[in-house]
Amino acid sequence: MVAAGENLKINKERLWDSLMEMAKIGPGIAGGNNRQTLTDEDAEGRALFQKWCEAEGMTMGVDTMGNMFMTREGTDPDALPVYMGSHLDTQPTGGKYDGVLGVLGALEAVRTMNDLDIKTKHPIVIANWSNEEGTRFAPAMLASGVFAGIHTQDWAYDRVDAKGKRFGDELERIGWKGDEPVGARKMHAMLELHIEQGPILEAEGKDIGVVTHGQGLRWVQCTVTGKESHTGSTPMPMRKNAGRGLARITELVHEIAMKHQPNAVGAIGHIDVYPNSRNIIPGKVVFTVDLRSHLPEIIDAMLDEFYEKAPKLCEEIGVGLETEVVGQFDPPAFDEGLVTSIRNAAETLGYSHMDIVSGAGHDACWINDVAPTAMIMCPCVDGLSHNEAEEISPEWAAAGTDVLLHAALETAQIQE
């Protein structure tokens, strides 16, 4: 029997080998991955993960949203499980570590427990949440959102991809629609390890990010309407250029975010220009404003300023503006007890660390609504993510997984 002291660490080489083996499934075109949710590649990645977990004596459950749950038994059959995990799906041009580190790091933690015959009072479950990325079926964190009661399952099943294929149909097609009712499971706690997807930890020279909060967000879809006309023959004073409305609002969003520093961000995301012709002044532009902060009052203040100023900017140049909120979640504050466990684990292991706010959404943000939750982050090179050039070091991966192991063992209670 081994206590969770400073010498208890995972097998760094085995973790890295697992990451590289998973990366062979759904390879990208530039060294990363294209393993989008509910594709054949997603199914292949799931099957490999299942194989590895079952080799460690874990049993599998799959719910009706395709969420995978691999269970290592505890000594107390009545104790609620401690969950670890993240997601295996990727962006179309994604990296090898976003999400995957959280799943395979959890697997490596269990492998280490088995190597050392460590038993815990609480069962330990590794979760692979379906469709975290939301790139094929919007929105992001779809299946964890249904699990937490944010979305209904029927609504989620009816999400369609760019080719009109339904989430529910594709889940059945790849053979990963389970029979367990989604959201039926109860959790003692959940821990999610993830790459930072930002530059702060690397810039500060820290091994571990102790995530205290997630950012809340509001996505506002804007439709600017002008008048299509010939770019060569329409006099400048007579133009109603919807593209100019986009330009003005783009600068407004930047100014609003800068005014509410630190830890507030804003940008224009998806843009569709109509008719998108070289010699036609745009008559309509549809785009999404993305505003985020970990403080609800800051999000509200940014939205208020946007709604006050954006219509005036459009009115001044003779174009119309319609807005609709198409995505939102409030900023989660992670469980203080779990956050302290993560901080203490980093201290015990001798890893440098700092408190950090997650700039991206994660499954933990939704699960935080139904169970105590916290996150661990490790650095990534230049903060680059959602890009095939995404990179981390084996040492960073191991440090994050070491902290995950220690926090999970403290939460699940080692049995002497």
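**Exercise 1. Salt bridges**

State how many salt bridges the predicted model contains, and identify the partner of Arg166.

*Solution.* The count comes to 21 salt bridges. In one of them Arg166 pairs with Asp158, and the closest N and O atoms are 2.9 Å apart. Arg166 is partly exposed, at a relative accessible area of 26%. Asp158 is likewise partly exposed, at 43%.

**Exercise 2. A pair within helix 6**

Determine where Glu170 and Arg173 lie, and decide for each whether the residue is buried or partly exposed.

*Solution.* Step one: both residues belong to helix 6 (residues 167-173), where they are three residues apart, about one turn of the helix. Step two: an α-helix has 3.6 residues a turn, so residues three or four places apart point the same way. Step three: Glu170 and Arg173 form a salt bridge, with the closest N and O atoms 3.1 Å apart. Step four: buried means under 20% relative accessible area, so Glu170, at 7%, is buried. Arg173, at 44%, counts as partly exposed. Through salt bridges that share partners, Asp40, Arg136, Asp161, Glu170 and Arg173 are joined into one network.

**Exercise 3. The buried side of helix 1**

List the buried residues of helix 1 and name the helices against which they pack.

*Solution.* Helix 1 covers residues 12-23. Its buried residues are Leu15, Trp16, Ser18, Leu19, Met22 and Ala23. They cover an arc of only 155 degrees around the axis, and therefore lie on the same side of helix 1. These buried residues pack against helix 2 (40-55), helix 3 (100-115) and helix 12 (394-412).

Key: Residues are numbered from 1 along each chain as its sequence is written. This is a predicted model: local features need pLDDT of at least 70, side-chain atom pairs count only at pLDDT 80 or more; totals for chains, interfaces and linings use all residues. Side-chain values use heavy atoms; hydrogens and water are left out. Helices (H or I, at least four residues) and strands (E, at least two) are DSSP runs, numbered from the N terminus. The expected span of a helix is 1.5 Å times one less than its number of residues. Buried means under 20% relative accessible area, exposed over 50%, partly exposed in between (1.4 Å probe, protein chains only). The arc is that of the directions from the helix axis to the C-beta atoms. Contact means heavy atoms within 4.5 Å. A salt bridge is a side-chain nitrogen of Lys or Arg within 4 Å of a carboxyl oxygen of Asp or Glu.
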